[in-house]
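Have a look at the model before reading on.

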Amino acid sequence: MLYEKKLMESFLKEIARKIYEKHPKPEVLTIVFPNRRASLYFRKHLGEIISRPIFAPALITIEDFIGGFSTLKVPDRLDLIHRLHATYREVMGEIPSSRNESFDQFYFWGDMLLRDFDELDKYMVNASGLFKDLRNLKEIETGFDYLSDEQRDFLLEFWRSFGENLTGNKKKFIEVWAKLYHLYDRYKTQLEAEGLAYDGMLHRKVAESISLQAAGAYKPEHLVFAGFNALTKAEERMLSFFADQGSTFYWDGDDYYVNNVQQEAGEFFREYQQQVSLKKTFPDSFPSNLRQNKSVNLYGSAQPTGQVKLMAQVLNEEFAKGLKAEETLIVLPDEKLLMPVLYAIPAHAEKLNVTMGYSLSHTPFFGLIELLVDLLISKRKGHVNHRPVMTLLGHPYVVAAGPAEANAKRKEILRHNWVRIPQSFLATAVPLHRLIFGESEEGLLTYLTAIVREIGTIEAISDIDKEFAFQFIKIINRIHNVIGALPADTSVTEKERVQSIKSFLRLFRQLVRAQRIPFSGEPLRGLQIMGVLETRNLDFKNVFILSLNEGVFPSFGSKGSYIPFNVRRAYGLPTVTHQDAMYAYLFYRSLQRAENIFLFYNTETDVLGQGEMSRYLQQLIYESGLKITRHVLHNPVQPTALQPIIIHKNEEVMAAIHNLNVGKAGFRGISPSAINTYLECRLKFYFKQIAGIKEPKEVDDDVDARILGNFLHQVMERFYRNLYDRKKSKLVEQGDFDNSEAAVNKLIDIMFIENFRLNPNEKVAYEGQRLVVREIVKRFASRILEQDRRRSPFVMEAVEAQGLLYNVKIDHAPGYVVIGGKIDRIDRKENELRIIDYKTGKDKMEFESMDSLFERDAHRNKAAFQTFLYALLYKANYASPGMQVIPGLINRDYLFGKGSVFGFKVKKGDTVIATDLMINEFESRLKPILEEIFDEKEVFDQTQQIETCDYCPYKNICYR
């Protein structure tokens with residue numbers, strides 16, 4: 001590909017040359033362009049052509065040209081919709097659902113209405129006729145003679161569907177439809193009274209009186225209109241007037257699509273060629289640039305990011321061949337790819353210019369403000385919920401302001417499982433953190449503005465982030481100016497405060513999604529990156545276009561409208577067909593003078609099978625006759641077979657295994673739950689006990705078996721410890737349960753305060769999941785104490801008994817294994833001693849056999865294994881002559897089942913008593929398991945029982 005070849009003459013350079021040749025004094029001319037960027041390039045080309053100093057012609061956009069004929073001013077869209085809301089409530093007052101509609105609820109509907117009104121005026125539609133209730137079909141035949149037969153047929157087709165039996169939705173439609181003309185008329189009247197207008201209203205007023213307005217404003221022979229297409233009816237009327245007066249027109253088209261009725265790209269030009277006034281402004285023929293010799297390369301790649309990476313690679317290769325950045329354009333139909341493209345541009349492009357809007361909803365500030373609103377909604381009595389807090393502490397801006405402080409706060413919250421966090425804890429010395437988490441006496445908008453301003457002063461953030469901050473401050477200020485300040489927390493009730501914040505968030509989301517950041521730069525230098533609309537009238541030698549897929553280019557459908565499709569067609573309002581024709585023109589126009597074309601599309605459709613190759617691309621391939629070189633980036637799917645994970649016991653691993661006997665602070669030996677883990681999956685045991693891979697910590701406020709179990713254990717332990725501290729005796733008597741209900745309630749409160757770090761000076765608020773946890777724990781605890789009362793008197797030997805150790809002799813080094821554990825409860829009545837494990841789950845109180853407890857089976861009774869191991873520990877640490885040791889569970893079946901008896905049963909037989917013989921049998925089966933753990937020839941491998949992997953925290957490591 002050769003890049004030293006001279007660039008084909010661009011459209012703007014061509015008209016600059018023609019104007020300079022035709023007008024020796026170009027300063028008398030006024031040249032009107034569709035957009036401002038075209039005028040910049042025209043000025044550049046004119047400067048290249050002239051041979052002597054001259055005064056430049058006046059260069060203006062069509063919007064400025066039309067606005068110059070009127071004294072009306074166009075406010076911004078938020079102001080217009082706010083005014084429309086007031087008028088809407090006046091006109092729609094009889095409709096209950098509309099009378100009390102707040103501004104944030106109205107905004108989406110108001111934006112759509114304003115767009116409809118704007119189009120009605122731009123297309124010079126008879127609004128009173130359009131908004132009529134035409135269920136009387138004869139009225140269409142007699143009162144709409146200004147419509148063509150085809151247009152009347154469209155109206156008839158729509159209104160026939162409104163028969164006698166109207167559905168609820170159709171009744172609502174008719175009710176609102178009947179008032180829309182009054183709304184339209186009153187709104188325009190009110191705006192005009194204040195010297196204001198929306199774009200369409202201004203265009204219509206100018207178009208309707210253009211012959212009077214234009215008198216003396218311009219000499220028609222000094223007016224030049226360049227590069228127009230897809231005119232509105234108002235624009236068409238104005239341009240037709242100036243065409244009749246002798247103004248000059250330059251149309252930017254190509255013979256390929258203008259003179260081929262199959263090509264929708266030329267639809268508007270063919271229509272204007274039939275129009276009485278405009279047809280005389282067209283040249284005898286259009287150039288045939290599109291079919292001239294071009295280098296066209298088509299690239300297919302999976303996923304949008306794949307296109308970006310491939311585009312960057314191709315661009316880098318072309319730079320090496322001599323491609324010049326100033327002659328190169330990258331078109332981005334999908335604005336979400338702007339940031340990836342900017343990061344992917346190779347270093348050869350030292351300068352670049354972005355000419356497209358970037359949605360503020362794609363910036364980090366959008367997510368930040370949503371989090372701040374969530375934080376404020378969660379605020380109660382100086383405390384906030386952990387979810388928005390944890391996300392905020394991980395937000396890049398909050399981290400940039402104070403990395404160490406943000407990380408320390410996160411660790412502290414996780415360590416204490418802090419569900420409701422005091423604002424005083426979060427408001428550190430870091431200014432941004434103080435603003436976010438501290439108490440604010442001002443209103444919401446002031447609070448947000450202060451935070452955004454502070455972020456803008458952080459040195460660690462980039463210039464583009466500071467630009468984002470500036471744009472968000474503009475939006476917040478605009479909301480403040482239009483709808484006023486939102487009330488501070490002190491002036492309203494809690495319900496009103498939350499409702500006000502939620503209303504703001506709804507409005508804010510809608511506003512931000514409609515806002516674009518106007519990137520500024522040097523438009524005439526460096527590599528150019530543009531959106532589709534921004535390419536109008538501009539030509540480049542080298543053109544890269546991404547995202548050539550249906551739904552992106554062209555996009556799916558059009559924006560919402562209250563005017564039904566058939567009614568729009570009847571009145572000549574824009575439809576999807578109109579949009580397709582306009583974007584088809586922009587596609588071909590960007591290619592027609594290019595010489596080196598690089599087109600990219602996504603080869604992967606979405607889950608619904610949509611998003612296939614763009615129809616424009618299909619047309620180019622099969623209809624243009626251009627030679628297109630196709631490249632498909634193919635990554636063959638070659639899934640690597642999952643290899644079993646096997647950990648061999650090398651010297652380092654064996655040292656870690658031996659350290660199990662030493663243990664950690666507060667606990668020695670291998671616990672029953674660790675041995676259960678080993679039987680379940682040897683690899684899981686390695687990850688957890690040997691490698692020490694911790695599960696990711698999160699603040700946990702969900703109701704699950706672990707939380708319920710922990711709370712129940714803590715309540716029962718505190719109850720009996722308090723009882724012992726009061727009596728200084730292990731004997732439990734019937735009178736000890738007289739105030740048990742109040743004691744349980746108090747203990748549950750204490751558990752919530754301690755576990756969720758609540759304020760101990762405030763009453764615990766039970767709502768949602770907290771209420772569920774309290775009721776379940778209270779029911780279990782009350783039932784246990786009721787059972788204990790009936791069984792009293794008895795001796796409570798121990799609760800949460802720790803420090804019980806037993807050395808099991810093995811043949812491998814170091815010659816013994818330390819077993820340790822904590823027994824939930826040991827009690828004694830007469831000669832019966834119970835080893836108790838509290839369970840709130842579905843654990844069973846029977847098992848098949850002693851052998852079954854040691855099987856590597858997902859359905860083995862792990863609770864029975866654990867409790868028998870506790871019995872072994874007890875017998876090894878305490879002499880119990882003449883005592884019947886009965887291991888068992890206090891669980892749901894025992895507490896709430898009918899006729900349940902404490903203890904385990906083997907195959908529904910008698911209750912198991914842990915005799916010396918049975919404990920010895922248990923130990924004899926346990927010993928080989930421990931031998932295996934300490935045997936360096938054995939490996940840690942994955943379980944074959946795949947179902948046990950479902951809830952394993954390490955399953956992502958194993959890809960199971």
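Q: What makes this sheet an open one, and how do its strands pair?
A: This is a predicted model, and in it 7 strands line up in the order 7-12-6-13-14-5-15, with parallel pairing. The two ends are strand 7 (352-355) and strand 15 (628-632), each of which pairs on one side only. On average, neighbouring strands are turned by 15° against each other, direction ignored.

Q: How do you know that strand 13 and strand 14 pair?
A: Pairing takes at least two bridges, and 4 bridges join strand 13 (residues 542-545) to strand 14 (residues 596-602).

Q: Why are helix 24 and helix 25 called roughly antiparallel?
A: The axes of helix 24 (residues 444-456) and helix 25 (residues 463-483) cross at roughly 165° and come within 9 Å. Angles over 145 degrees count as roughly antiparallel, so this pair gets the label. Their crossing is left-handed.

Q: Which residues make the contact between these two helices?
A: Helix 24 brings L445, L448, T449, V452, R453 and G456, while helix 25 brings, among others, A469, F472, I473 and I476. By class, that contact has 8 nonpolar, 4 polar and 2 charged residues.

Definitions and conventions: Residues numbered from 1 in each chain as written. Predicted model: local features only at pLDDT ≥ 70, side-chain atom pairs only at ≥ 80, totals over all residues. Heavy atoms only, no water. Axes fitted to C-alpha atoms, helices over the stretch in contact; angles between N-to-C directions. Parallel < 35°, antiparallel > 145°, perpendicular 65-115°, else oblique. Left-handed = near helix turned anticlockwise from the far one by under 90°. Contact = heavy atoms within 4.5 Å. Nonpolar A, V, L, I, M, F, W, Y, C, P; charged D, E, K, R; others polar.
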